[in-house]
Amino acid sequence: MGLIGIAGAGAWGTALANAAAIAGNDVVLWMRSPEQAAALAATRSNERFLPGVPLHERIRATADLKELGATEAVLLVTPAQTTREMAAALASVLPASAPLVLCAKGIERASGAFLCDVAEEARPGSAIAVLSGPSFADDVARGLPTAVTLACRDAALAETLATALSGPTLRVYHRGDVRGVEIGGAAKNVLAIACGAVAGKGLGESAKAALIARGFAELLRFARAYGGEAETLMGLSGLGDLVLTCSSAHSRNFAFGQRLGQGMGVEEAAGGKLVEGAATASALVVLARAKGVDMPIAEAVDQILSGAWTLDQAVDALMNRPIKSEH
């Protein structure tokens, strides 16, 4: 591929733009604000989201969505809850042949739909792919070694996209299991909130390790119920992403949970920033109940976020569940 579009110039969008450019592609980076696009073009840096990281020379910033129409593929890197709006907008400018790669991690809260289904409604018949895996924007932007997974039902296209995005410091594996990859990305954000809360409350490393392990069991059960492959969840976009997000305050979801554990309310803990796991938790729980999937950790997070439980009540509920065999 020669020309790749990136829709969304936050930290992750800018980092992916740099990675795609380093891999040898020309890149059109779209953002909503003409003023910010002009500033980005002039300074060659995104100081708001990735201070100190120079923008690669192959990247051209724009606020005109129509400029993405000439690209061979577009990476959609806007928040999960804007996927429907953005996919519809892109459908009016992108040719049907141009694949759309979803890079947000979540479930649409209003409908309970997976993001691929949302995008396919907006662009019926066009290829949809998902990019997910253990990756912090700052690491990718600064050229630190990172590996992620790209999934598309069209195996040949998945390989083409993965090859186009892979460079000297970003390795992109490919799979056909779209559902498994997107479930891994969405569910791990909710579970990371729980791990952050445990850290903030000072409940110890043993508790955090138990949450990661039991959270992974929940993730596997949910993925199987919705057609995801266990092998996918054992890889980068499942276990790999879960471990990273549940272990580091660099994760926005973990940091949010950590502040909840320290006694802050939901709004204060978010600090005006987007927390994808908080937006996804209720939809994840509803989907789990619909299939009879037992997800006590996700349920506890949802109860805390809704104000129904305190953190102490959530811990008590988890620790007093009936003893059963590990599975």
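The legends below describe close-up views of a predicted model.

**View 1. Strand β7 and its surroundings.**
Strand β7 covers residues 146-152, and six of its seven residues are buried, so the strand is largely enclosed by the rest of the structure. Strand β6 (residues 128-132) is joined to β7 by four bridges, and these two strands run antiparallel. Strand β8 (residues 170-175) is joined to β7 by six bridges, with the two strands running parallel.

**View 2. A151 between two strands.**
The bridge partner of V130 in β7 is A151. A151 in turn has R175 as its bridge partner in β8. The path that includes β7, helix α6 (residues 155-165) and β8 makes a right-handed β-α-β unit.

**View 3. The salt bridge of E67 and R60.**
The structure holds 19 salt bridges, and one of them brings together the side chains of E67 and R60, at 2.1 Å from N to O. E67 has a relative accessibility of 27%, so it counts as partly exposed. R60, at 41% relative accessibility, also counts as partly exposed.

**View 4. The salt bridge of K201 and D312.**
K201 and D312 form a salt bridge in which the closest N and O atoms are 3.3 Å apart. The pair links distant parts of the chain, with K201 in helix α7 (residues 178-201) and D312 in helix α15 (residues 311-319), 111 residues apart. K201 counts as partly exposed because its relative accessibility is 36%, a value that lies between the 20% limit for buried and the 50% limit for exposed. D312 has 42% relative accessibility and counts as partly exposed.

**View 5. The salt bridge of R321 and D294.**
A salt bridge joins the side chains of R321 and D294, at 2.7 Å from N to O. R321 lies in the segment after α15, whereas D294 lies in the loop between α13 (276-290) and α14 (296-306), so the pair ties together parts that are 27 residues apart in sequence. The relative accessible area of R321 is 28%, so R321 is partly exposed. D294, with a relative accessible area of 32%, is partly exposed.

Notes. Residues are numbered from 1 along each chain as its sequence is written. This is a predicted model: local features need pLDDT of at least 70, side-chain atom pairs count only at pLDDT 80 or more; totals for chains, interfaces and linings use all residues. Side-chain values use heavy atoms; hydrogens and water are left out. Buried means under 20% relative accessible area, exposed over 50%, partly exposed in between (1.4 Å probe, protein chains only). Two strands pair if DSSP finds at least two bridges between them. A crossover is right-handed if, with the strands pointing away from the viewer, the path from the first strand over the helix to the second runs clockwise. A salt bridge is a side-chain nitrogen of Lys or Arg within 4 Å of a carboxyl oxygen of Asp or Glu.
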